[in-house]
Amino acid sequence: MGELPTDDMAAFDIDAGARQGPFLDAPGAMRRAMNWFFADKDRLFWILQVGGWFGFFLFHVFSVSTLFAGRSPESIAFSATSAFVGFLTTSILFRPAFRAARRMGPAAMLGVAISAIVLMTVAMAAIKAIAIIKIFAFGPDWYHARTTALGTDNFLLALTPDMPNNLFLLLSWAGLYFGINYYLTLRTETERALQSARLADQAQLKMLRYQLNPHFLFNTLNAVSTLVLEKDGRQANEMLTKLSAFLRYSLDSDPLQRVTLAEELRALELYLEIERTRFGERLHFDKQIEESTRGALVPSLLIQPAIENAIKYAIAKMEAGGKIRILARRDADMLLLQVCDNGPEAPGDPGALLETGETGVGLVNMRDRLAYLYGENCDFSLSRSELGGLCVAMRFPFQTRGRP
């Protein structure tokens with residue numbers, strides 16, 4: 001009887017999200033109390049069983065027994081006996097029968113439940129009648145008056161006036177029992193489905209993040225190989241050293257955790273140091289970062305694929321070098337990030353690049369990560385840059401560690 005936390009990806013953390021219960025919108029203390037209340041089925045049964053029959057006792061005292069025998073110790077004892085008989089009947093007889101019925105098919109469950117209700121209606125009336133006759137002084141007189149009024153000495157027939165009330169009481173009890181158990185079963189299945197979805201989201205997010213590592217590593221090792229073939233050992237060694245530092249950061253950072261934009265920019269500096277070893281003065285990088293955005297939370301290594309894309313399709317094709325600009329600014333309660341370049345041959349319809357896959361996995365990866373993290377509350381777009389090349393724009397909720 002679903003907004004993202006401020007300092008981690010707990011929305012996708014099975015340990016943080018598990019056992020939250022159905023009362024997520026309630027105040028904290030109330031939510032904890034209600035979830036404790038529903039957490040253990042046996043405890044829930046006995047709490048409701050004791051509370052329900054105690055409520056029945058109070059109702060009986062102020063209505064039935066008062067009218068029947070007046071407000072007296074004996075009438076209160078009569079009410080207590082009625083409640084206690086109901087408590088024992090439903091605890092010792094009803095509950096085991098219904099627990100067995102719940103494991104059956106629908107037809108068998110219905111048959112067992114109806115049979116149990118009918119039998120317990122008679123049994124409860126008989127036990128209560130015997131208790132009244134044997135315990136209370138008015139019991140024999142009460143029984144004699146009833147049999148006289150009914151015109152029969154048959155014990156079972158003498159119980160018929162109690163049957164409708166007992167039937168209604170036990171039907172109500174059975175309805176609550178099956179209804180609450182159905183709710184708890186449904187809640188458990190829903191919770192399992194949510195946990196499975198969280199695990200799937202975790203796996204997908206990790207896959208998307210780790211997909212960048214071999215992709216970036218392949219390109220960088222290609223560059224190192226070129227330097228070795230050109231017998232430029234010093235630059236090759238510098239690039240490998242910087243590559244080691246960047247990969248250490250990449251592997252140490254949790255794919256499900258967000259970092260501040262300031263931390264993300266420091267990681268980008270490691271990446272750009274690698275690329276500067278390769279391109280030297282040909283690589284120009286311009287940062288236009290609003291100071292208020294440095295504490296904003298962003299998915300780790302989110303921007304790096306856009307920088308890599310700009311280098312591959314813009315800087316690498318320009319003998320005189322090229323320019324990459326990263327912009328970050330706050331737009332109301334959203335964070336806007338842009339990575340633009342002045343590379344040649346920017347398509348007339350940049351958005352089509354995501355559909356054709358001409359940009360490789362990097363930009364598609366960025367779009368998919370944002371979609372998994374923020375759902376419909378984000379934008380990802382490609383457009384022609386005012387610098388003449390391609391511009392990658394991202395827009396998602398502005399959140400900090402102190403503010404969700």
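1. pLDDT is the predictor's confidence in each residue, on a scale from 0 to 100. This is a predicted model, so start with that score. In the protein, confidence is lowest in helix H1, residues 14–17, where the mean is 34. Strand E5, residues 334–341, is where confidence is highest, at 93.

2. The protein's average pLDDT is 76. A score of at least 70 is reached by 80% of the residues. Residues 1–26 are another matter: pLDDT stays under 50 there. The model still has 72 contacts beyond four places in sequence for this stretch. Where pLDDT is low, predicted coordinates should not be read in detail.

3. The largest nonpolar core has 52 residues. Those with the most contacts inside this core are Ile 307, Ile 324, Leu 337, Leu 363, Phe 380 and Phe 396. Helix H11, residues 261–279, supplies the largest share of the core, with 8 residues.

4. Residues up to four places away in sequence are not counted here.

5. Thr 121 is found in helix H6, residues 106–135. Its relative accessible area is 4%, so Thr 121 is buried; the cut-off for buried is under 20%. Not counting residues up to four places away in sequence, Thr 121 touches Met 163, Asn 166, Leu 167 and Leu 170.

6. Thr 147 has its place in helix H7, residues 139–150. Thr 147 counts as buried because its relative accessible area is 6%. With neighbours within four places in sequence left aside, Thr 147 is in contact with Thr 152, Asp 153 and Ala 158.

7. Next, the surface. Which residues form a nonpolar patch there? They are Phe 84, Leu 88, Ile 92 and Leu 93. Together these residues have about 360 Å² of accessible area.

8. Leu 93, one of the patch residues, lies in helix H5, residues 73–102. Is Leu 93 buried or partly exposed? Leu 93 counts as partly exposed because its relative accessibility is 38%. The partly exposed class lies between under 20% for buried and over 50% for exposed.

Note on methods
Residues numbered from 1 in each chain as written. Predicted model: local features only at pLDDT ≥ 70, side-chain atom pairs only at ≥ 80, totals over all residues. Heavy atoms only, no water. Core = buried A, V, L, I, M, F, W, Y, C linked by side-chain atoms within 4.5 Å. Buried < 20%, exposed > 50% of the residue type's maximum accessible area, 1.4 Å probe, protein only. Helix = DSSP H or I, 4+ residues; strand = E, 2+ residues; numbered from the N terminus. Contact = heavy atoms within 4.5 Å. Patch = residues over 30% accessible without salt bridge, like charges linked within 9 Å, V, L, I, M, F, W, Y side chains within 5 Å. Areas by Shrake-Rupley, 256 points an atom, 1.4 Å probe, with all protein chains shown as cover. Salt bridge = Lys/Arg side-chain N within 4 Å of Asp/Glu carboxyl O.
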